[in-house]
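Subject: Structure handover

Hello,

The structure is below, and my notes on it follow. Please read them with the coordinates open.

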Amino acid sequence: MATFTTTTVMSSQSNNLSLHKLKINPKTQSNIVTINVGGRIFQTTDQTLAQAGPKSLLSQLSELNQLVPHFIDRDPDLFSILLSLLRTRNLPSKAKSYDLKDLIEESKFYKIESLLINSLSNPSQFDPFNLQKTVILPLNSRDTASAITATPHGSLHVSHGSKITSFDWSLQNKSTALTQFTAIDSMLAISPNLVAVGATDFSGLQILDLEKKGLVLETLNWENVTKSGSTVQAIGSSNDLLFTSFESSRRNSNSILVYDLRTLSPVTEIGHYEIFGADLDSAIPATKLKWVESYNVVMASGSHSGPSGVLGNVKFWDIRSGCVVWEFKEKVDCFSDITVSDNLSSLFKVGVNSGEVFYADLRKLGSEGNDSWVCLGDERKVGNVRKEGVGCKIEAHGNQVFCSRGGDIELWSEVVMDSSKKREEGLPERVFRKNLMGRVKDMAGSRVTNLAFGGDRMFMTWKDQQSVEVWQSSVMGS
């Protein structure tokens, strides 16, 4: 006698499963799952469907009767692409024939958008030697970009004038929020929708929800001795902490405050300086903050231009003790810009006079006679008075360092040397090589103003350009 089983019917108008009884003779139990999508039959395994995650509708199908075709009223061609994604974690080459917006909408229906993001904008896919300019994102504004920040999976926030324009991970959708600032000087992405923003002429660090049109969730201030306002000079973060460099509105004191990144509660204060007389070192607030995970310290750097030239300092702070563990005082060829690479255990700068790239090995810091910079270019330019490094930018990402000089982008990488060749201090000799990424011909005379990295992309902005340039190291379906 025949028994009754069920066929699952999934409507394209809803993510809810509705069951309709059909007369089907059951066969031997198997892990094979048959799915009818828009009239086309697909067969896969419950293990493959389980890759979609417990909240996905496809994963739910794997838990239902495996002997019965489950009908889904959706596009079968797009489903074929997403099924390949589940099987291999990568999109097939034929995905290039489809509109990305359609794939995104389908992935949202099946609740597997996170898998699509990992496939198309995964940080592990970043290939610095295979970057190609893929798109230019217009800002639709008269103002040029003052700051940019990206999330790990490639969504982007750009401040221009009093506004922040956000692009989602696919760069297909954008939104603009109006802020209370005249112009934003510092910005850091806390999550895809939350940013910390500040300015050198506006008191307080604001936490904004860009999904809610720039709603101010919280304003963080530094209570300085003079009870004046506190402007933001720099923002940085670790996995758990938020760092903010404040300067009093009267410019007679500065400090770095550390907050819990989740609760925004203050954790500690470091680098508090009150300025008396001509104490120039204390008068320099930190204008760049970078966390160095391997050493559990935060790098704080700042510079000042005066009659005797550009002076600066670089300090590495131990958050737990509140003490400086290493310090550089910059007097000769001070940095125009500076960064630190945790992967390379090195500090990198562009000299303001020479325009050349220098590095300092973090492994040697603290050793007598080794707290010095090594020039990777023409050391004869150090005494240059023409200030060839003004406006240059330098940022570390992964195992590489990117430096902009005029219209050129230089890519610096370490060359692996014979470990048997060691210097007197017992460490292998280090050699860095430069690759030229290329000049943007149609922007002759312009220069890069911002560099940021997210997913498999590099973002850059140019002086007097109301747009963001995107360089990507992978293409959909490649």
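Is glutamate 395 buried or exposed? Glutamate 395 is buried, because its relative accessible area is 14% (buried means under 20%, exposed over 50% and partly exposed in between, with a 1.4 Å probe and protein chains only).

Two points on the source. This is a predicted model, in which local features need pLDDT of at least 70 and side-chain atom pairs count only at pLDDT 80 or more, while totals for chains, interfaces and linings use all residues. Residues are numbered from 1 along each chain as its sequence is written, and side-chain values use heavy atoms, with hydrogens and water left out.

Glutamate 395 lies in strand β27, residues 393-397 (helices are DSSP runs of H or I with at least four residues, strands are runs of E with at least two, both numbered from the N terminus). Its side chain makes polar contacts with the side chains of lysine 288 at 3.1 Å and lysine 290 at 3.3 Å (a polar contact is a pair of N or O atoms within 3.5 Å; within protein, one must be able to donate a hydrogen and the other to accept it, and residues adjacent in sequence count only if both atoms are side-chain atoms).

The other item is helix α3, residues 76-88. Its 13 residues should span 18 Å, and its end C-alpha atoms are 18 Å apart, which agrees (the expected span is 1.5 Å times one less than the number of residues). Of the 13 residues in α3, 10 are buried, including Phe79 and Leu82. Arginine 89 follows α3 and has a positive phi, near 70°.

Regards
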